[in-house]
Amino acid sequence: MLTPILAAGAPAGAPNFGFYEALQQGGAIAISTLVILVIMSVGSFYILFTKLFEQQKIMNQAKRVRATFWQSNSLREGAAKLDKNSAYRQIVDDGLAAQEQHGKLTDPVEAHDWLHGSLARSESAINSKLSSGLPFLATVGATSPFVGLFGTVVGIYRALVKIGAAGQAAIGDVAGPVGEALIMTAIGLVVAVPAVLAYNWLQSRNKSIQKDLSSFSNDVLGYLASNGAVRPTIAAARGPAPVAKPAVGSTTAGQAGGVPTAPRV
């Protein structure tokens, strides 16, 4: 794009050095390099927009959780208010499933540790899905300048070979092909910079989401470990929350931080 603009001021009759001519100087290798860079660029923007959509979806879910979830009488009732594929509902469902599974264990395990491990696995699975695609952005940002440089080196080499074979060593004959070959390096930088910026931005948003998920997971753990007596302060500020009464004859696994084996959530 820059080359035709710069060449527009060249005197009449001067050789036309444009992007197409640069690809001709580099041959099949330069064309292949350009195709690779285009694929990298398209992939980077695809990942950027898809991850932004996923992140915004979870952020919207967090707003609904803060607005309605902890006003419910039980975790199941609160989970029913969330989207079926919500990341926050996944944490609640996994926590309830872990509580039910704890009562079936034949080997005694501290209930708090069992629930904490189950919620941590659920949280890790969500974070892993959020981070998918980001390694590609990091790879593009790190390698695309060198891919472009490779195309430049090949283009310069082929240009110099042709100039040497023709026996022409004038500066005008050398400057054009060599300058056009440098376009590949510029393209590599154009591909790398957006990928690096997108990677850092998405990572920053992921950390914010992971912080909210970790806080919610800890709140769910506190609710389960106290049979509903412990809730986030945001819910307590809106009024006293109903406390579920344990079932008659229920037992607690561990005196400290245990949960009823017959859940009432």
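1. The largest nonpolar core has 25 residues. A nonpolar core here is a set of buried Ala, Val, Leu, Ile, Met, Phe, Trp, Tyr and Cys residues joined through side-chain atoms within 4.5 Å. Buried means under 20% relative accessible area, exposed means over 50%, and partly exposed is in between, with a 1.4 Å probe and protein chains only. The residues with the most contacts inside this core are Phe-69, Leu-75, Tyr-88, Val-92, Phe-216 and Val-220. At least two core residues come from each of helix H2 (19-68), helix H3 (75-80), helix H4 (87-102), helix H5 (111-131) and helix H8 (183-225). H8 gives the largest share, 7 residues. As general background, nonpolar side chains tend to be buried together in soluble globular proteins.

2. The model is predicted: local features need pLDDT of at least 70, side-chain atom pairs count only at pLDDT 80 or more, and totals for chains, interfaces and linings use all residues. Residues are numbered from 1 along each chain as its sequence is written, and side-chain values use heavy atoms, with hydrogens and water left out.

3. Which residues does Phe-216 touch, leaving aside its neighbours within four places in sequence? Phe-216 is in contact (heavy atoms within 4.5 Å) with Val-65, Phe-69, Trp-70, Tyr-88, Ile-91 and Val-92. Another core, of 10 residues, lies apart from the largest one; among its members are Val-140, Ile-183, Ile-187 and Val-191.

4. The protein chain has 9 helices and 0 strands. Helices (H or I, at least four residues) and strands (E, at least two) are DSSP runs, numbered from the N terminus. H8 contains 43 residues and spans 63 Å from its first C-alpha to its last, close to the 63 Å expected at 1.5 Å a residue. That expected span is 1.5 Å times one less than the number of residues in the helix. After H8 comes Asn-227, which has a positive phi, near 60 degrees.

5. The structure holds 4 salt bridges, each defined as a side-chain nitrogen of Lys or Arg within 4 Å of a carboxyl oxygen of Asp or Glu. One of them joins the side chains of Asp-83 and Arg-64, at 2.8 Å from N to O. Asp-83 sits in the loop between H3 and H4 and Arg-64 in helix H2, so this pair ties together parts that are 19 residues apart in sequence. Asp-83 is partly exposed, at 37% relative accessible area, and Arg-64 is partly exposed, at 36%.

6. A further salt bridge is formed by Arg-76 and Glu-100, whose closest N and O atoms are 2.5 Å apart. Arg-76 belongs to helix H3 and Glu-100 to helix H4, and the pair links distant parts of the chain, 24 residues apart. Arg-76 is partly exposed, with a relative accessible area of 41%; Glu-100 is also partly exposed, at 37%.

7. Asp-93 and Arg-89 form a salt bridge too, with 3.6 Å between the closest N and O atoms. Why are these two separated by about one helical turn? Asp-93 and Arg-89 are separated by about one helical turn because they are 4 residues apart in helix H4. Asp-93 has a relative accessible area of 34% and is partly exposed, and Arg-89 is partly exposed with 22%.

8. Is Asn-127 buried or exposed? With 16% relative accessibility, Asn-127 counts as buried. Asn-127 is found in helix H5. Leaving aside neighbours within four places in sequence, Asn-127 is in contact with Gln-210 and Leu-213.

9. Ile-39 lies in helix H2 and is exposed, at 56% relative accessible area.

10. Thr-139 lies in helix H6 (residues 134-166) and is partly exposed, at 44%. Thr-139 and Val-196 are 57 residues apart in sequence, while their C-alpha atoms are 9.1 Å apart in space.

11. For the whole protein chain, 36% of the 265 residues count as buried. Among contacts with a separation of 6 or more, 76% are between residues 24 or more positions apart.
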